[in-house]
Amino acid sequence: MDLANRGAALALHRGGSTQVSIAEQLQIPRSTIQSFLSKLHKDPISDETLADRPRAGRPRATTEKQDRLLHRTILKDASMQTDDLAQHISGGGSMMVSDRTIRRRAAEWGLYHRVQRKTPALTRSHVQKRLDCANAHIDWSFDDWSRVLFSDESSVQCGSNHGQQWIWRRIDEAWADGKTQPTIKVATTMKFWCSMSAAGPGSLHIIEESLTSDSYFKILQQHLIADGTRLCGSDFLFQQDNHPSHKTERIQRFLEEKGIQELQWPPNSPDFSPIENMFSVLKRLVAERCPPSKDDLIRITLEEWENLGSDYTYALVSSFPDRMQAAMTAGGGATKY
């Protein structure tokens, strides 16, 4: 019964109406009226308080002592799983608390069970160089970052095992077309070099051999000046990571002879580079199309790279002030980027 009907039933009852009469007038089952009035006699309700009384609810499955033990254990070992925590606070007894109870208790303290984020392993030297880089560029504007041509190498794969894929289907559609997950016996991996700037994606160059100083030199000869001039202007800055093939005497001499200024970059810092964000999106888009062969893998990768577009790269480069500030706030440590 809602509050209005409770009030009406109470008024009619006090006026001398029978339960049958009240039920007929309010169009409510007599059993409901009887239950309401019986509670009224046990615990009188005033005209002002017709709402439900507070209820005790289900008793907590854990004691205060268990709660304190659980809190200390989670803070001491954040990697401990819920079933192990349940066994730990139960002391090996038969009365085990549920996974859901463990999560509820942790939520009361602002703690939630989440997948552990991966970050690069940073040494003290790495941290200092990251902090130095952030300090050196904290005042750079978007126009400053727009002069930078970012570059890196990565790889995409077809035919890899992406694990179980859950779908909705009827009982008799287990082997129907479109309801199965195609697999390829041997996975194919394609390595590539690419560049980007705020103005858009640059070239994507397929690497057919292992990356050496010679092969990297050929890539830069073919793409660097063309991409940099087209995307950033003739006075562009060149960013590359600290891969050994990038730092050979031949590569450094090439950059010097061409008058290309290299932007010094801290080691082990993928969160500083926006091109890493592009790699993540590119790999997901390629995987969704599930290329069945190497030729298809190359074609689809090139298509999806071009489709990323300048709006996306503009947004990534626009995030640089926040990236540098996040690095400084973290004292040179890893950031969310």
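F254 is buried, with a relative accessible area of 6%. This value comes from a predicted model. F217 also counts as buried, at 12% relative accessibility; the cut-off for this label is under 20% relative accessible area.

## Aromatic pairs

Nine aromatic pairs are present in the structure. In one of them, the ring centres of F150 and F320 are 5.4 Å apart and the planes lie at 10°, so this pair is stacked. Planes under 30 degrees apart count as stacked. F150 and F320 are both buried.

The pair of F217 and F254 has another geometry: the centres are 5.3 Å apart and the planes stand at 80°, so the arrangement is edge-to-face. Here the angle is over 60 degrees, as that label requires. Because F217 is part of helix α9 (residues 213-232) and F254 part of helix α10 (residues 249-257), the pair ties together parts that are 37 residues apart in sequence.

Two arginines lie over rings already described. R323 lies over the face of F320, at 5.7 Å from the ring centre. R250 lies over the face of F217, at 3.9 Å from the ring centre.

## Strands β2 and β3

Strands β2 and β3 run antiparallel and are joined by six bridges. They form a hairpin, with two residues between them. Within this pairing, W193 has H205 of β3 as its bridge partner.

How many residues of β3 are buried? Eight of its eight residues are, so the strand is largely enclosed by the rest of the structure.

## Helix α12

Helix α12 covers residues 294-307, a run of 14 residues. After α12 comes G309, which has a positive phi, near 75°.

Which residues of α12 are buried? They are L297, I298, I300, T301, E304 and W305. The elements that cover these buried residues include the strands β1 (148-158), β2 (188-197) and β3 (200-207), along with α11 (274-289) and α13 (309-318).

Note on methods: Residues are numbered from 1 along each chain as its sequence is written. This is a predicted model: local features need pLDDT of at least 70, side-chain atom pairs count only at pLDDT 80 or more; totals for chains, interfaces and linings use all residues. Side-chain values use heavy atoms; hydrogens and water are left out. Helices (H or I, at least four residues) and strands (E, at least two) are DSSP runs, numbered from the N terminus. The expected span of a helix is 1.5 Å times one less than its number of residues. Buried means under 20% relative accessible area, exposed over 50%, partly exposed in between (1.4 Å probe, protein chains only). Contact means heavy atoms within 4.5 Å. Rings of Phe, Tyr and Trp (its six-membered ring) pair if their centres lie within 6.5 Å; planes under 30 degrees apart count as stacked, over 60 as edge-to-face and the rest as tilted. A charge sits over a ring if NZ of Lys or CZ of Arg is within 6 Å of the ring centre and within 35 degrees of the ring normal. Two strands pair if DSSP finds at least two bridges between them.
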